[in-house]
Amino acid sequence: MTTPRTSALDAARLVALRDLRLAFRKPSQLLQPLVFFMIVATLFPLSLTPEMSRLRDAAPGVLWVGALLSSLLALEFLFREDAQDGTLEQFALSGQSLTGMLFAKTCTHWLLTGLPLALIAPVAAGALGVPGDAMPGVIASLALGSFAMSLVGAVGAGLTLGARRGGVLLSLLTLPLAVPILIFGARATELAIGGGNIAPPLYLLGAIAVLGLTLAPLAAAAAVRIGLE
Amino acid sequence: MATWTWFHRLGSPPHVYAFAQRWAKWFGAAAALSMLVAVYGGLVLAPPDYQQKDAFRIVYVHAPAAWLSLMIYTTMAVSAAVALVWRMKVAHAAAAACAPVGAWFTVVALGTGMLWGKPMWGAYWVWDPRLTSELVLLFLYFGYMGLRAGIEDPVKADKASAVLAVVGVVNVPIIKFSVEWWNSLHQTATVMQLGKPTMDSRMLWPLLLMFLAFALYFIAVLLTRLRAELLRRERNASWVREAVGAA
Amino acid sequence: MSSFASLSDFLAMSGYGKYVWPCMLLGFGVVLLNAWLAVRALADARREARRRLEMNP
């Protein structure tokens with residue numbers, strides 16, 4: 001464990017490294033949300049139409065709803081295990097800033113779930129008839145959006161630590177808060193597909209991410225503290 | 001020193017209980033009176049709208065309910081923030097008392113909005129930005145109440161739901177902005193602004209009075225619910241004996 | 001002073017009665033319901049508190 005002499009930055013780095021190492025020991029946990037996302041993306045052509053032109057219209061919605069649901073699944077892994085085995089308690093007692101350490105966990109979590117999701121999204125997008133030159137826009141919007149979603153989700157995951165059936169409750173808490181992310185993100189994806197200028201919605205998404213960056217770690221730390229009491 | 005006594009009293013359950021006991025009925029009476037006058041003014045005296053005819057009278061419940069749903073959420077979040085910062089038990093009780101009332105008035109705003117939409121838009125539901133953000137607000141209330149119900153330890157439930165209320169209230173303006181932004185991109189031709197005609201003063205005064213009536217009503221309900229919450233939470237405190245007048 | 005000529009005019013609400021009256025019913029129904037729920041919650045809490053006090057005086 002960290003000694004009190006370790007700086008806040010070092011503590012955050014150690015937490016991030018530990019989470020990365022743990023994640024690569026259990027790759028199935030990383031793969032499951034991605035597989036889930038691909039399955040959801042497959043369900044839409046099967047339920048709507050195999051016609052590419054119509055799928056292309058639905059693609060932003062399919063990709064974003066799929067991404068939000070899959071990141072909710074992934075949020076289950078963010079704090080739950082560490083709360084159960086007492087790691088979070090050690091974090092809180094370590095004398096280091098809990099906010100900093102949880103922020104490091106959240107960023108690592110995004111690196112392990114949100115970023116991979118954004119990177120495989122073009123596969124699903126291509127299958128939905130999205131043209132190749134729209135892919136950078138798809139990746140950018142999903143990467144930024146899933147980062148904002150991780151920040152909001154960290155608060156939800158922290159709050160539901162003390163609850164009995166955390167899973168459903170986590171979705172109930174987090175999804176309404178994610179509405180702006182969905183709106184701006186899906187719009188950016190739609191513009192990317194249509195060949196428009198994706199900058200305005202991306203800026204708005206970025207503004208949400210920045211606001212989340214300043215407030216969410218504090219709220220998440222408060223939430224986790226309450227759960228640990 | 002003296003300026004802070006009211007604040008300390010606000011944190012003291014027996015004081016707040018006594019205050020609520022004394023004032024709830026007066027707020028309730030004022031609310032009932034003003035509501036009756038506003039209903040008469042709005043439904044009977046006000047002239048019909050030149051476009052919407054008498055359908056516009058729905059505004060007298062829709063607008064105050066929509067306003068109240070947002071006001072209650074804000075009140076809840078402010079109490080929650082006060083409770084977190086000053087560790088005030090009374091404020092947690094007040095936040096807990098707000099949520100179900102707020103959810104009910106969100107339902108009223110949605111229901112009356114839909115009933116108004118049918119003659120005006122030709123459908124009960126259109127993705128109007130106001131109705132849509134009202135729906136998201138309802139989900140926020142459900143999330144809050146779900147979290148409260150999902151945590152067994154009452155102290156933890158108080159604190160966790162307080163954090164959620166604060167996070168939620170930061171999000172409300174962002175949600176409203178994003179929904180309006182979204183709607184402006186997909187402008188549908190038939191969308192018509194609810195309740196924003198140039199208002200005749202004979203239409204306006206009952207509406208303003210109804211806003212006041214709903215606010216007074218909410219204070220009365222909140223004070224009553226707060227008393228119930230305080231009795232339940234403080235059941236082992238000595239002041240309860242006096243308050244309920246037991247032998 | 002009334003803007004309606006007769007009671008049936010009032011009830012018809014220029015043809016919008018079937019939208020206006022359910023709105024009023026819903027709105028003021030919820031107003032009454034919440035008042036009743038609050039009063040009942042208080043009565044329950046008082047009864048419960050009294051019962052506890054009688055059990056351990």
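This is a predicted model: local features need pLDDT of at least 70, side-chain atom pairs count only at pLDDT 80 or more; totals for chains, interfaces and linings use all residues.
Trainee: Which two chains have the most contacts between them?
Mentor: Two pairs of chains touch, and the pair with the most contacts is B and C.

Trainee: How far apart are the nearest C-alpha atoms of chain A and chain C?
Mentor: Their nearest C-alpha atoms are 24 Å apart, and these two chains do not touch.

Trainee: Where in chain B do B:Tyr17 and B:Trp239 lie?
Mentor: B:Tyr17 is in helix α2 (residues 13-45) and B:Trp239 is in helix α8 (residues 239-244), so the pair links distant parts of the chain, 222 residues apart.

Trainee: Is B:Tyr17 buried or exposed?
Mentor: B:Tyr17 is buried, at 2% relative accessibility. B:Trp239 is also buried, at 12%.

Trainee: And what do B:Trp23 and B:Phe27 form?
Mentor: They form a tilted aromatic pair, 6.5 Å centre to centre with 55 degrees between the planes. Both residues belong to helix α2 of chain B, where four residues, about one turn, separate them. B:Trp23 is partly exposed at 36% relative accessibility, and B:Phe27 is partly exposed at 23%.

Trainee: Which residues form one aromatic cluster with A:Phe184?
Mentor: B:Phe177 and B:Trp181 form that cluster with A:Phe184.

Trainee: Last topic: what sits over the ring of B:Tyr124?
Mentor: The charged end of B:Lys118 does, 5.3 Å from the ring centre.

Key:
Residues are numbered from 1 along each chain as its sequence is written. Chains are lettered from A and ligands numbered from 1 in the order in which they are written. Side-chain values use heavy atoms; hydrogens and water are left out. Contact means heavy atoms within 4.5 Å. Helices (H or I, at least four residues) and strands (E, at least two) are DSSP runs, numbered from the N terminus. Buried means under 20% relative accessible area, exposed over 50%, partly exposed in between (1.4 Å probe, protein chains only). Rings of Phe, Tyr and Trp (its six-membered ring) pair if their centres lie within 6.5 Å; planes under 30 degrees apart count as stacked, over 60 as edge-to-face and the rest as tilted. A charge sits over a ring if NZ of Lys or CZ of Arg is within 6 Å of the ring centre and within 35 degrees of the ring normal.
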